[in-house]
Amino acid sequence: IKFLKEQLKLFYNLPHVGDVRQRGFMVGVELVRDKITKEPYAWEEKIGARVCQEVRKRGVILRPLGNVMVLMPPLAMTKRELKELLDVTYWAIERVTGS
């Protein structure tokens with residue numbers, strides 16, 4: 001959980017990540033159009049679904065809740081696998097939001 005928390009701090013470097021919420025191994029990464037005003041993406045843009053489509057290209061399955069990317073890695077996941085999950089998620093957010 002400590003490793004996950006430390007790695008999630010990097011997501012704040014992305015200009016379209018408005019917030020990162022974590023409870024244990026459950027994580028929500030909120031995607032926003034404008035980080036300063038917290039203006040959300042329009043529902044019609046399906047930004048969460050588009051990020052999920054990108055991560056699948058790299059063998060990862062995520063679940064969007066609107067503009068929030070939900071990560072719930074299994075407790076048996078290795079640190080290396082968790083790092084890969086986070087790296088792919090970061091990459092997909094960059095790619096979809098044009099960051």
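Leaving aside residues up to four places away in sequence, Glu54 touches Trp91, Ala92, Arg95 and Val96. The model is predicted. Glu54 is found in helix H2, and with a relative accessibility of 11% it counts as buried, because the limit for that class is under 20%.

Two packed helices are described by the angle between their axes and the distance between the axes. For helix H2 (residues 47-56) and helix H3 (residues 79-97), the axes come within 9 Å and cross at roughly 125°. The arrangement of H2 relative to H3 is therefore oblique. The crossing in which H2 passes H3 is right-handed. On the H2 side, the contact is made by Ile47, Arg50, Val51, Glu54 and Val55. On the H3 side, Val88, Thr89, Trp91, Ala92, Ile93, Arg95, Val96 and Thr97 take part. By residue class, this contact of H2 with H3 comprises eight nonpolar, two polar and three charged residues.

Side chains of opposite charge can pair when their charged atoms come close.

In the whole structure, a search finds eight salt bridges. Among them is the pair formed by the side chains of Arg33 and Glu45, with an N to O distance of 2.2 Å. This pair links distant parts of the chain, twelve residues apart: Arg33 is in strand S2 (residues 26-34), and Glu45 is in the loop between strand S3 (39-40) and H2. Arg33 counts as partly exposed at 35% relative accessibility, and Glu45 is also partly exposed, with a relative accessible area of 26%.

A further salt bridge is formed by Glu6 with Lys9, whose closest N and O atoms are 3.0 Å apart. Glu6 counts as partly exposed at 45% relative accessibility, and Lys9 is likewise partly exposed, with a relative accessible area of 45%.

Notes
Residues are numbered from 1 along each chain as its sequence is written. This is a predicted model: local features need pLDDT of at least 70, side-chain atom pairs count only at pLDDT 80 or more; totals for chains, interfaces and linings use all residues. Side-chain values use heavy atoms; hydrogens and water are left out. Axes are lines fitted to C-alpha atoms, for helices over the stretch in contact, and angles run from 0 to 180 degrees between N-to-C directions. Helices (H or I, at least four residues) and strands (E, at least two) are DSSP runs, numbered from the N terminus. Angles under 35 degrees count as roughly parallel, over 145 as roughly antiparallel, 65 to 115 as roughly perpendicular and the rest as oblique. A crossing is left-handed if the near helix is turned anticlockwise from the far one by less than a right angle, and right-handed if clockwise. Contact means heavy atoms within 4.5 Å. Ala, Val, Leu, Ile, Met, Phe, Trp, Tyr, Cys and Pro count as nonpolar, Asp, Glu, Lys and Arg as charged, and the others, Gly among them, as polar. Buried means under 20% relative accessible area, exposed over 50%, partly exposed in between (1.4 Å probe, protein chains only). A salt bridge is a side-chain nitrogen of Lys or Arg within 4 Å of a carboxyl oxygen of Asp or Glu.
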